[in-house]
Amino acid sequence: MTRAVPLETEARGTGPWAVSPPAGARGADGAAPRRERALLDSIINTFPDPILVTNTEGRLLLANARAESLFAAGEGDSEGRRRAVALNNMLLSAALSQWALGGGPSSARLELPLVDPTDGSDLLFELLGAALDDRREGTRVVSILRNITDLRRATEQVEENYRRLRIAEANVRAERDRLDLVIDSVADPILVTDPAGNLMLMNAPADRLFTATAGEGGEESERAVRANDASFSTFVATVFLGGDENRVRDEFTLSDPRSGRAIPVEAVCGKIVSEHGDVTAVVTILHDRTEAVEKSLLYDQVKRASAELQEKVREATAELVRQNELLRRQHIELEQASLAKSQFLANMSHEFRTPLNAILGYTGMLLQGVSGPLGKRPERNLQRVESNARHLLAVMNDVLDISRIEAGRMPVHPSTFDLGELVGEVMAEVEPLIARTSLEVSSVVPGRMPRLRSDRPKVKQIVLNLLTNALKFTPQGSVRVAAMYAPDRDVLAVEVTDTGIGIDDDDAKRIFDDFQQVDDSATRAVGGVGLGLSISRRLARMLGGEIMLRSRKGKGSSFALRLPRRAARRAGAVPAAKAP
Ligand code: ADP
């Protein structure tokens, strides 16, 4: 273990550097060696690094000026400086011991931390030691201390900068990864170009358009990539050359390198401008317009179709107007014809009825024997004449009624009367008919029934028609006529129910039309031309009422005439029933 030796003991009296000259170099007067020594002293003292010589115990023998400033202190020096010097000596002594233990010159380099006695700052030296063997003086150690404080600071600074650089690099990498993630997650191709037109960055969708994949698609694919590059470069060039606008948009067509499909795109780009106003990059987003183009084509087609449709509708409307006009004219012609027909029928019926009544009158008189008794045969023939004339008269009356109703020439004459009484009257009128049948015919009229305000003759004509039909189409069984009143609806009704041949559903729909009979041949046996029900329904409607039918084939029928207690006076014609 070597011990630090205070400098004042050895080196102080000889000046900053005191070297004992070698024995052989001493001259007689000693002047030459003194000059050499003075030169050596001044050389070593001007050396900026501390140089020291110690013995093997670590005792300091010699020191140059710089070493002295670190390791020597005088009486007049401050307490702080003396303490710094003592600390430096301790540190030097420890370093030299370490140097000696480590094998001396072979482990020449040692770091020696010291304190600057002037300002107390930390200093770092590198200790370079060398052993000096002298036969007379023994072994000494020469140490040169090289100030590496700044070097260490610089090294630390470099290390710190390097560390910061690594962190900054890591941040940039993370930032870049995040940016890649963001732009890759965008479905539209995104490209970043530098001012020289080189691609700096692109996302996966852009990569598919601007990078040819080896082996995939072959030459076609490469050609498509080249064409895409050319189109894109032209666009970017116009952006860089273009004016001051920061956002530029354009449309052009690219092609898919895999499928060769043409892709119409809309390119929108933004310039990235440095703080000095220079454009440093251009970011471009390509938006696939295929769908928009298809939609616009579809829209055009729809527009064309709509225009065609409108034209057709216009034509159809014009045609409709034309047809309507035609129909209107036809309607007028028909109305005129119908009026003429009704007029003709009315005139004809009238013309027929006069001679018919004369025939009936004279026939009646002959049958009553006004011209003397008739033989059996002439009497039977006259009865046939009378029967046919009556039938003809009935038909003429029906035709006349229809004509008058259609021509609106059958006015309603309302009066207030007792419906039960009317039923009694009708029953009495058909008595001869009933007498010719074996039917059980009855009528039911409730005791208290409100009086009916309606057109009495017309109501009677309807009830008469329903009852004669029931008698005609009921071979056996019964016929029942019932008058009734429904106070809830304020409606009076006459219902004629029979146990006759009945009517099926299909026939029930048409028997109210003009000249419609279920079975012409059967009906012929009982008379009638199929106008009774048609006239009855029209009359019922004129009076604000209706005729309802419930019937089943072979199970009898039930016709009901329903009338409001007070018939509204109705003007005009009742629509014609369907012609046969
Ligand atoms: P017509 O009695 O002169 O033939 P209608 O118009 O009065 O004419 O009757 C039309 C047809 O309706 C009749 O021909 C007959 O076939 C059917 N019909 C009417 N009333 C009855 C009834 N009570 N039972 C069965 N059939 C009937």
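Modeller: Quick ground rule: helices (H or I, at least four residues) and strands (E, at least two) are DSSP runs, numbered from the N terminus. This is a predicted model, where local features need pLDDT of at least 70, side-chain atom pairs need 80 or more, and totals for chains, interfaces and linings use all residues. Residues count from 1 along each chain as its sequence is written, and side-chain values use heavy atoms, without hydrogens or water.

Biologist: Okay, how many residues apart in helix 8 are Arg 329 and Glu 325?

Modeller: These two form a salt bridge (Lys or Arg side-chain nitrogen within 4 Å of an Asp or Glu carboxyl oxygen), with their closest N and O atoms 3.1 Å apart. Arg 329 is partly exposed at 48% relative accessibility, and Glu 325 is partly exposed too, at 28% (buried is under 20% relative accessible area, exposed over 50%, partly exposed in between; 1.4 Å probe, protein chains only). About one helical turn separates them, because their spacing in helix 8 is 4 residues.

Biologist: And how many salt bridges does a search of the whole structure find?

Modeller: Arg 329 with Glu 325 is one of them. Another joins the side chains of Arg 541 and Glu 546, N to O at 3.2 Å; Arg 541 is partly exposed at 35% and Glu 546 at 24%. Searching the whole structure gives 32.

Biologist: Which residues are linked with Arg 289 in a network of salt bridges?

Modeller: Start from Arg 289, in the loop between strand 10 (279–288) and helix 8 (290–367). Arg 289 is partly exposed at 22%, as is Glu 251 at 39%. The network links Arg 289 with Arg 249, Glu 251 and Glu 266.

Biologist: Now the rings: what is the angle between the planes of Phe 235 and Phe 252?

Modeller: They're one of 4 aromatic pairs in the whole structure (Phe, Tyr or six-membered Trp ring centres within 6.5 Å; planes under 30 degrees apart are stacked, over 60 edge-to-face, the rest tilted). Phe 235 is buried at 3%, and so is Phe 252 at 14%. Their pair is tilted, 5.6 Å centre to centre, with the planes at 45 degrees.

Biologist: How many residues apart in sequence are the parts that this pair ties together?

Modeller: Phe 210, Phe 232, Phe 235 and Phe 252 are linked by ring pairs into a cluster. Phe 235 belongs to helix 7 (residues 218–241) and Phe 252 to strand 8 (residues 247–255), so the parts tied together have a sequence separation of 17 residues.
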